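The tour moves from the overall fold to a single side chain and its surroundings.

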Amino acid sequence: TMADDLDELPKLSWISGAKPTPILYQAVKVGWYGAGNFPITQLAKIVGGDVPSVSYPAMHGFGGLGINPTMFAWYQVFAVDPGNPNHLIAPDVINQKMMQTVNGGEDWAEIPKLTSLVTNGGKMLFSQNIFPLASAVSFDPDDANRVAVGTWENGFFVSADGGTTWTKAKNSDQIPRITAFDWLNKNNLVISSYGRGLWRATFNEVYAGIQEAQKRSEAA
C-alpha cells in the first residue's frame, strides 16, 4: 500500500533471472510548482516479488513529469525500458528538457538532440504549463533499442540504439496529439492520435531516415 497521491497507472519493467521480478514506476505528486501553478509529479519505484517494497528515487536533476490530457483521462508522459528497469525517458516540464536516467531515477541528464528535435530547434514551446509538447514515450517490448517519442503537433521521433541517436519519422507531421505507440512487429508500428484515429509507420522508411542522419553526423 502507498499513502501517496498517485497519478494514473504505473509503467512496468522486469529484472531478468530464473524468477523474473516485476518493477513498477508510479507517478506521485510531491509538491507544488508555484511558477507554473501546477503540481510537481515525480516517481515512486515498486519492486515486486514475495515481499513487495516501495522506494523513492532521488530524481537528481529532474523537475517534474508532464501530462498528456484527453477528455476522459490524463496520462503521465514517461516510459521505462522493458528489459532494463534502470533506464527511463521523460519530458521534464519544469526544466524544459527531454531527460533520461540510467540508474533507476536517482540521477537524470538531458538528451539535447531530442530536446531540439521535439521543439523544432526551439521554434516551438517545450510545454504549456504541465502539458509537454512531447506527449508519448515508448520502448519496443521486443527490442528496447527501438524507442519512439510522439508529440502534440510536431510528429514523432525514433531511435534505433536505445535513445543515443534520434531522427524524425518521415511524413509524421500529419499525426497530431499522439497518445500511444503499439509495436506490432519488427516492420510495423501503430500510432494512436487523439481525435485523428490510428496510423501505421513502416520501419524500413523510419530506419532509412535514422541511417541518413547517422551518416550526416559522422560526416560532420
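A residue counts as buried when its relative accessible area is under 20%, taken with a 1.4 Å probe and with protein chains only. By that cut-off, 48% of the 220 residues of the chain are buried in this model, which is a predicted one.

Turn to the C-alpha trace, which spans about 50 × 50 × 35 Å along its principal axes. The radius of gyration is 17 Å, and this agrees with a compact globule because such a globule of 220 residues would have a value near 17 Å. Among the contacts with a separation of 6 or more, 44% are made by residues 24 or more positions apart.

Next, show the surface, whose accessible area comes to about 11,100 Å², with 52% of it belonging to carbon and sulfur atoms. If you then colour the charged side chains, you will find 16 positive and 20 negative ones, and the centres of these two sets lie 8 Å apart.

Now select strand β2, residues 21–33, and within it Gln26. Is Gln26 buried or exposed? Its relative accessibility is 5%, under the 20% cut-off, and therefore Gln26 counts as buried.

Finally, display what surrounds Gln26: its side chain reaches the backbone oxygen of Glu8 at 3.0 Å. Leaving aside neighbours within four places in sequence, Gln26 is in contact with Leu6, Asp7, Glu8, Leu9 and Pro10, and also with Gln42, Leu43, Ala44 and Ile46.

Key. Residues numbered from 1 in each chain as written. Predicted model: local features only at pLDDT ≥ 70, side-chain atom pairs only at ≥ 80, totals over all residues. Heavy atoms only, no water. Rg over C-alpha atoms; globule rule 2.2 N^0.38 Å. Buried < 20%, exposed > 50% of the residue type's maximum accessible area, 1.4 Å probe, protein only. Contact = heavy atoms within 4.5 Å. Areas by Shrake-Rupley, 256 points an atom, 1.4 Å probe, with all protein chains shown as cover. Lys, Arg positive; Asp, Glu negative; His and termini not counted. Charge placed at Lys NZ, Arg CZ, Asp CG, Glu CD. Helix = DSSP H or I, 4+ residues; strand = E, 2+ residues; numbered from the N terminus. Polar contact = N/O pair within 3.5 Å; in protein donor to acceptor, adjacent residues only side chain to side chain.
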